Amino acid sequence: MNKTRSILFVAWAACSMHAMAQRLTLDECLAMAYENNPQLRSELKNIEKNQLLIGTAFDAPNTEIELSQDATSGGSMENGVTFSQEFDFPTLYIAKRKVLKTDYLVAKDYYHVQKNELCGNIVSTYHSLLFVKHKVKALERLSANYATFARIAHARFEAGESSRLETMNADRLCAKSDVELRNAKAEWKSLCLRLMSLTGSEEWIEPADDALPVLDTQEVTDELLPALTYKGKWLESELLRSQQSLGMAKQEFMPGLFVAATTQLLIKDFNPYHIERPRFEQGNFMGFQVGITIPLFFGAKRARLLAAKRDVEMAKLRIEDANLQMKQAYADAQNEFQAAAENLRYYEERGLQQANEMARLAQVSYELGDIDYMEYMQNVETASALHIEYLESIERYNQSIIKLQTIKGIL
């Protein structure tokens, strides 16, 4: 009983979601994703964070305030408040700012990488939905024909006009069509759920378009220039960050700076020896100190410098590897595109025409009595299969173009 209730609940939920479906165009789906997708929103926050961190480039140590009293003297450096401050060498702060600015650039470029990937997934899913939508319609028409065929076959068998074999074949075709139709509808629901997830929507989404377009091949057959892709730009900015970090590691060998100033503060009540401790009456400024801090131990700095050099080498190797992978992926996608284009060309020039002619001749021949109902349905099945194969050829062709566009980042 519990299992039955669970099945009914899932079916009710699916029906409810379908009833409240949003019919959106592709541009509307993309706009919704750019606003709602959690991953993109997270990357935008990361950009804001790195932009704020640029303000931390100048981060000097805390100012030291020291009170000193000399029990044996009056107005002097020993009786006052000393303010002292250490600084890194100015070029180190400049180097830190460059690194932080590059971190901001890396975050922006990575956002575009993620946005391009999300865009490719949404465009791919949307066109797959259009394909499945037309496939479901074709299978529904075929299923209706098979249902009629099964009823006629059973009626003929009961009237003694046909054999049991005809009814069995009719039932087989009807059952096969029903299975294909259920699978297509299940695929439709899965794609709708995927589109919901990609767009960050809490409501059921269906494509508003009805036609199944054949995408334009503009710019997908050109040579790939990895450095101009979103991923290429991101990797180049990571290389720049590694180079800036190397420059900062070199600046760490520079000496630090130290400044201090003392103002007079004589506490008269502090006089343990009961001697005269006169205040200096000409002014409160007692003097200043300026110095440098020199690192005596270079082991850690040298290790960071060597590590930064390795980061630069690794970044260059990542670019080299990514370029090879992108070129290979683009070449594979172009091969898929060429095969899909040839396949689609066949159906557009011959296959679809043959399917229509086969369905027409089967109808005419059956009406003239040249073929029986079983042979007529077999020809209808073949013609319907060709129509579905034509839809599948459009889907493969469109998906190959979307893949090429995603790699190039021109969606």
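Which residues form a nonpolar patch on the surface? In this predicted model, where local features need pLDDT of at least 70, side-chain atom pairs count only at pLDDT 80 or more, and totals for chains, interfaces and linings use all residues, the patch consists of Leu 67, Leu 265, Ile 267 and Phe 270, with about 330 Å² of accessible area together. Residues are numbered from 1 along each chain as its sequence is written, and side-chain values use heavy atoms, with hydrogens and water left out. Areas come from the Shrake-Rupley method with a 1.4 Å probe, and for residues only the protein chains shown count as cover.

Phe 270 lies in the loop between strands S5 (256–264) and S6 (285–293); strands are DSSP runs (E, at least two residues) numbered from the N terminus. Phe 270 is partly exposed, at 36% relative accessible area (buried is under 20%, exposed over 50%, partly exposed in between).

S5 pairs with S3 (residues 80–87) in the antiparallel sense over 8 bridges, pairing requiring at least two DSSP bridges; here Ser 84 stands opposite Ala 260. S5 and S6 are likewise antiparallel over 8 bridges, with Val 259 bridged to Val 290.

Turning to the cysteines, the structure holds 0 disulfides (sulfur pairs within 2.5 Å). The sulfur of Cys 29 is 9.9 Å from its closest cysteine sulfur, that of Cys 192, and therefore too far for a bond. Cys 29 is buried at 0% relative accessible area, and Cys 192 is buried at 0%.

Technical notes:
Patches are made of residues with over 30% relative accessible area and no salt bridge: like charges are joined within 9 Å, nonpolar side chains (Val, Leu, Ile, Met, Phe, Trp, Tyr) within 5 Å. A salt bridge is a side-chain nitrogen of Lys or Arg within 4 Å of a carboxyl oxygen of Asp or Glu. Helices (H or I, at least four residues) and strands (E, at least two) are DSSP runs, numbered from the N terminus. Buried means under 20% relative accessible area, exposed over 50%, partly exposed in between (1.4 Å probe, protein chains only).
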